[in-house]
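These are my notebook entries on a structure that I am reading for the time being with its sequence alongside. I record what I looked up, entry by entry.

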Amino acid sequence: MDNSLRGVTRRHLLASAAALPILAATADGRTISGNLPWSPFAGAPPRPVNPLGWYFFTPVEAATVEAIVERLIPADQLSPSGKECGCAIFIDRQLAGAFGQASRLYTKGPFRQGLPTQGYQGDLAPAGRYRLGLQALNEYTNTTYKKDFRALSAEQQDEVLAGMDGSKIKLNLKPGFSTKEFFELVLQNTMEGFFADPLYGGNKNMAGWKMIGFPGARYDYRDHIDKRNVPYPRGPVSIYGMEG
Amino acid sequence: MARVLPKRDAVIIGLGWTGSILAQQLTDAGLNVVALERGPWRDTATDFNIAYMQDELRYAIRKDLFLKPSVEAMTMRNNAGQTALPMRDYGSFLPGDGVGGAGVHWNGQTWRFWDSDFSIKTHLTQRYGAAKIKGLQLQDWGVTWDEIEHSFDQYEYICGTSGKAGNIKGQIQPGGNPFESPRSRDYPNPPLRMPYASTLFAEKMRELGHHPFPLPSSNLSRAYVNPLGIRMGECTFCGFCERFACGNYSKASAQTTILPVLMKKPNFELRTDSEVLKVNLTQDGKMARSVTFLDAQGVEYEQPADVVAVCAYALMNVRMMLLSKIGTQYDPVSGKGTVGRNYCYQTSAGARLMFDDKHFNPFIGAGALGQTIDDFQGDGFDHSKLDFVGGAGISCTVSNGRPISNRPTVPGSPRWGAKWKQATVDGYQNSMGFGSQGSSYPVRENYLDLDPTYTDRHGRPLLRITFDFPDNDVRMSHYMSEQLEKLTKPFNAKYTAVARLQKGWNSVPYQSTHNTGGAIMGTDPTTSAVNKYLQSWDVPNVFVVGASAFAHNAGMNPTGTVGALAYWAAEAITTKYIKSPGALVPA
């Protein structure tokens, strides 16, 4: 077969892709010789999340996380709140996917208590850490305040979060997974939700980017590189072409 | 039983920077070459799509292009008294994955180590006496500057490196780096245009009497056709460089500089999704006869070849040698053995400045965009009254303003809540930084071996890293922090913070993917794993190519020297070895 694609329609190409000698996917793996391989639609574009409903959280968990992200990123003149920006939706979708299952990480045992320089050594993936952590958080607030976390006043919620952040509160978790580690996980994921591209469910209307003046997925700043001490004039764009 | 494939002239393990360079040069010399790559095929138009490459979450945070620890992890400890545990996620450094390797997501900072690096022991002993380097396992690399300079030149012209020469054949060039070793000619492309922060840095450094110059960059300043006829594009300062692949053909990588030519050659074959398990030796252990690999279905193959080039990431090269029993494991107690010896890293510190009246647009950046001073680099300054050897490049680079991870605030600011929001808004546009990237010198107790407990998905032991910052390097870094303090003064910033290195290397926060050594080159088979041509002393038809060969790490990014060593080793194979196979240097 002629390797030139001139005069070949896309349908023709797709129909004959299996016969392409340059890209033979055989039982012995992918062997490439004699040409620079190319096939249509080979890349993996990101898929925007469906913003409706919960994929991982139970209703109680979802309400708890919404209450947390509302305090980590409260609404003010700078931006809407973390909840309004979709941070809880973002975290839910992340936990329902590869991140939640730690599917790319090294998860073989034995599991041993590590040193701080050795990083997280627990046996729970992020999904399991949220499940345990949110339950333990509500147990703690029910013991201390006789209420679920979401039913506390904003001041009480801040008090609990600051206690977790400062290691002054110890939730009933498990060895190798501290309250501080749970707080750090939630804080990191909340910030991801606030500042990641909106296609992942957070950063609604690019509110996080607008707050700081990050122009998002623009790809060419050659017209501004030489300018000294001059703010960039254009607002953000998202990967799926939203402009703000 | 492994299926035995037809014999090749050469088999290459890993198709990243060094594997692509060797494959290109060996096939040009007429050899029939097969490359085995553990990861997938990846190319610019399909996998590094300009329509969705600007995705911080996917690529920088979830590390979509990097090696998955589930495929290969490593264990770490700071000293032999601790129990090494697996880094369950890579943090401090991020090895690459797939075709192009770490060369896909590097920054493009393209340095040449100095002549005094290649002969470091001789140089420092002559200048300061042997007592000065006592306790350090510094040794000469075996190759000299005059021998290898043309290999640096070859790599820079393949990459289209943008920069300004500082020393052409001994003549100091205004505007370049006056401390660099003499080069035969200028860079192929002029320096990149500079952003505000780097321009300001250069002005202040000049006022202080230092010698700023544009950081040599393989992010291209203009459209360029390299010596293989491959066309590259002008960098657009998109701010998605390190941790990302370039969607714009503006950052040098195997994909943008070599593969379009290499892949079309009839005497080259690439097998992706093919993980090499070991190099098989003859019964007497003196020659390699083949490599064993698994394909994606888990089927085992044996690929016989006359030459085996180990071209994986530096750390994986060392593991491959240990798993294949090529050479002898280094023992930190006796100091004997060579494989795993002289593992080094990078020793850094940084300064951050915040202003009321400046607006930096940090998102307008590129991986190798900035200005550097080498006034405190290597042995470019007098150490006779100092309590350390080594040095650091000090650079103001503007690589990105990606907001999930790059939101500087005044230290001590809240990390959440309303006050966090205000501090973030105040800090994001008004902050600049510069940092020292310092040398890492070998000591007896820093080394690599195989972990006794943890194994990979095939049941093979993981590599174990035993490393902490040596006292010499900590003193060097603290000296650099003092210099950084002085360098911040003329900026009159509203707020200044300078970091100081702490002992106790932490594997969690990102620091540097500049892991070096473990299969070092040298003049003596009892203290080096490979000779000056990167040929195994023990198994002469095995060449081990990459930063694994560095006898120490300098205060510079390693890739320029990695590229030069790859061309140097390829030249030795094509001009010496294939004419007369055997040891190129008598043991």
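Which residue takes a positive phi in the hairpin of E12(B) and E13(B)? I found that Gly285(B) does, with a phi near 75°. I note at the outset that this is a predicted model.

**Entry 1: the hairpins of chain B**

I looked up the strands on either side of that turn. Strand E12 (residues 275-281) of chain B pairs with strand E13 (residues 288-294) of chain B in the antiparallel sense, over six bridges. Six residues lie between the two strands.

I then followed E13(B) onward. Its pairing with strand E14 (residues 300-310) of chain B is antiparallel and has five bridges. Here Val291(B) stands opposite Gln303(B) in E14(B). E13(B) and E14(B) also form a hairpin, with five residues between them. In its turn, Gly298(B) has a positive phi of about 85°.

**Entry 2: confidence in chain A**

The mean pLDDT of chain A is 89, and 88% of its residues reach 70 or more. Over residues 1-28 of chain A, however, the pLDDT is below 50. Beyond near neighbours in sequence, this stretch has 25 contacts in the model.

**Entry 3: where chain B meets chain A**

I recorded that 74 residues of chain B are in contact with 67 residues of chain A. Several elements of chain B each supply at least two residues of the side that touches chain A, among them helix H2 (44-47), helix H7 (196-207), helix H11 (418-428) and strand E20 (447-455). The residues on that side of chain B divide into 35 nonpolar, 22 polar and 17 charged.

**Entry 4: the open sheets of chain B**

I traced an open sheet of six strands in chain B, with the order E8-E17-E18-E19-E16-E22 and antiparallel pairing. Strand E8 (213-214) and strand E22 (495-498) of chain B stand at the edges with a single partner strand each, so one side of each is left without a neighbour in the sheet. Within this sheet, strand E18 (residues 392-397) of chain B runs antiparallel to strand E19 (residues 431-438) of chain B, and four bridges join them. Gly393(B) stands opposite Gln437(B) in E19(B). I also saw that H7(B) lies across strand E17 (370-373), E18 and E19 of chain B, running at about 25° to E17(B).

A further open sheet of chain B has four strands in the order E5-E4-E21-E20, with mixed pairing. Its edges are E5 and E20 of chain B; each has a single partner strand, so one side of each lacks a neighbour in the sheet. E20(B) pairs with strand E21 (residues 461-466) of chain B in the antiparallel sense over five bridges. The bridge partner of Thr455(B) in E21(B) is Pro461(B).

**Entry 5: a helix pair in chain B**

How far apart are the axes of helix H1 (residues 17-28) of chain B and helix H13 (residues 559-577) of chain B? I found them 9 Å apart, with the helices packed at an angle of about 30°. H1(B) and H13(B) are therefore roughly parallel to each other. The crossing of H1(B) past H13(B) is right-handed.

I listed the residues that meet: those in H1(B) include Trp17(B), Ile21(B) and Leu22(B), and those in H13(B) include Val562(B), Ala566(B) and Ile573(B). The residues of this contact divide into ten nonpolar, five polar and no charged.

Definitions and conventions:
Residues are numbered from 1 along each chain as its sequence is written. Chains are lettered from A and ligands numbered from 1 in the order in which they are written. This is a predicted model: local features need pLDDT of at least 70, side-chain atom pairs count only at pLDDT 80 or more; totals for chains, interfaces and linings use all residues. pLDDT is the predictor's confidence in each residue, from 0 to 100. Two residues are in contact if their C-beta atoms, placed from the backbone, lie within 7 Å. Ala, Val, Leu, Ile, Met, Phe, Trp, Tyr, Cys and Pro count as nonpolar, Asp, Glu, Lys and Arg as charged, and the others, Gly among them, as polar. Axes are lines fitted to C-alpha atoms, for helices over the stretch in contact, and angles run from 0 to 180 degrees between N-to-C directions. Angles under 35 degrees count as roughly parallel, over 145 as roughly antiparallel, 65 to 115 as roughly perpendicular and the rest as oblique. A crossing is left-handed if the near helix is turned anticlockwise from the far one by less than a right angle, and right-handed if clockwise. Two strands pair if DSSP finds at least two bridges between them.
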